[in-house]
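This report examines a single protein chain for a reader who is new to structural description. Please look over the sequence and the model before reading on.

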Amino acid sequence: VYTSDMKGAGTDANVKLVLYGREGKSDDIVLKSDKKAFEAGSCDEFKENIPYVGLPVKLRVQHDSKGSFAPWHLDRVG
């Protein structure tokens, strides 16, 4: 997960995603890290066990707007 390097791009909010596929969708997957994640200009890796959903067709990424620095500028997921 790449956070852009714009000023103020990072977040303290809780980030989650849902993977949609041709055969279903995952539950909410909360992205947790042992380190400070989602800082401006950073790339954070997560390993998650996601149930089979078939060929992926969509990915929803969102956060809960909590924390004193909630806004976030996601660059990309790769």
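## Phenylalanine 38 and its loop

Phenylalanine 38 sits in the loop that connects β4 (29-30) with β5 (56-63). Strands, like helices, are DSSP runs numbered from the N terminus, a strand (E) needing at least two residues and a helix (H or I) at least four. Phenylalanine 38 counts as buried because its relative accessibility is 4%; buried means under 20% relative accessible area, exposed over 50%, and partly exposed in between (1.4 Å probe, protein chains only). The phi angle of phenylalanine 38 is near 65°, a positive value in a residue that is not glycine.

Serine 65 likewise has a positive phi, of about 65°, without being a glycine. Serine 65 belongs to the loop between β5 and β6 (74-76).

## Basis of the model

The model is predicted: local features need pLDDT of at least 70 and side-chain atom pairs count only at pLDDT 80 or more, while totals for chains, interfaces and linings use all residues. Residues are numbered from 1 along each chain as its sequence is written, and side-chain values use heavy atoms, with hydrogens and water left out.

## Overall architecture

The protein contains 0 helices and 6 strands, which follow one another in the pattern β-β-β-β-β-β. The C-alpha trace spans about 40 × 20 × 20 Å along its principal axes.

Of the contacts with a separation of 6 or more, 72% are between residues 24 or more positions apart; a contact means heavy atoms within 4.5 Å. Of the 78 residues in the protein, 32% are buried.

## The nonpolar core

In soluble globular proteins, nonpolar side chains tend to be buried together. Which residues form the largest nonpolar core? This core has 9 residues: Val1, Val15, Leu17, Ile29, Leu31, Ala37, Phe38, Phe46 and Trp72. A nonpolar core is a set of buried Ala, Val, Leu, Ile, Met, Phe, Trp, Tyr and Cys residues joined through side-chain atoms within 4.5 Å.

With its neighbours within four places in sequence left aside, phenylalanine 46 is in contact with Val1, Leu31, Lys32, Ser33, Ala37 and Phe38.

## Salt bridges

Side chains of opposite charge can pair when their charged atoms come close. The protein has 6 salt bridges, each defined as a side-chain nitrogen of Lys or Arg within 4 Å of a carboxyl oxygen of Asp or Glu. In one of them, aspartate 28 pairs with lysine 16, with the closest N and O atoms 3.0 Å apart. This pair links distant parts of the chain, 12 residues apart: aspartate 28 lies in the loop between β3 (24-25) and β4, and lysine 16 in strand β2 (residues 15-21). Aspartate 28 is partly exposed because its relative accessibility is 42%, and lysine 16 is partly exposed at 25%.

Aspartate 28 also meets arginine 60 in a salt bridge (3.5 Å, N to O). Arginine 60 lies in strand β5 and aspartate 28 in the loop between β3 and β4, so this pair ties together parts that are 32 residues apart in sequence. Arginine 60 is partly exposed, with a relative accessible area of 33%. Elsewhere, glutamate 39 forms a salt bridge with lysine 36, the closest N and O atoms being 3.8 Å apart. Salt bridges with shared partners join Asp12, Lys36 and Glu39 into one network.
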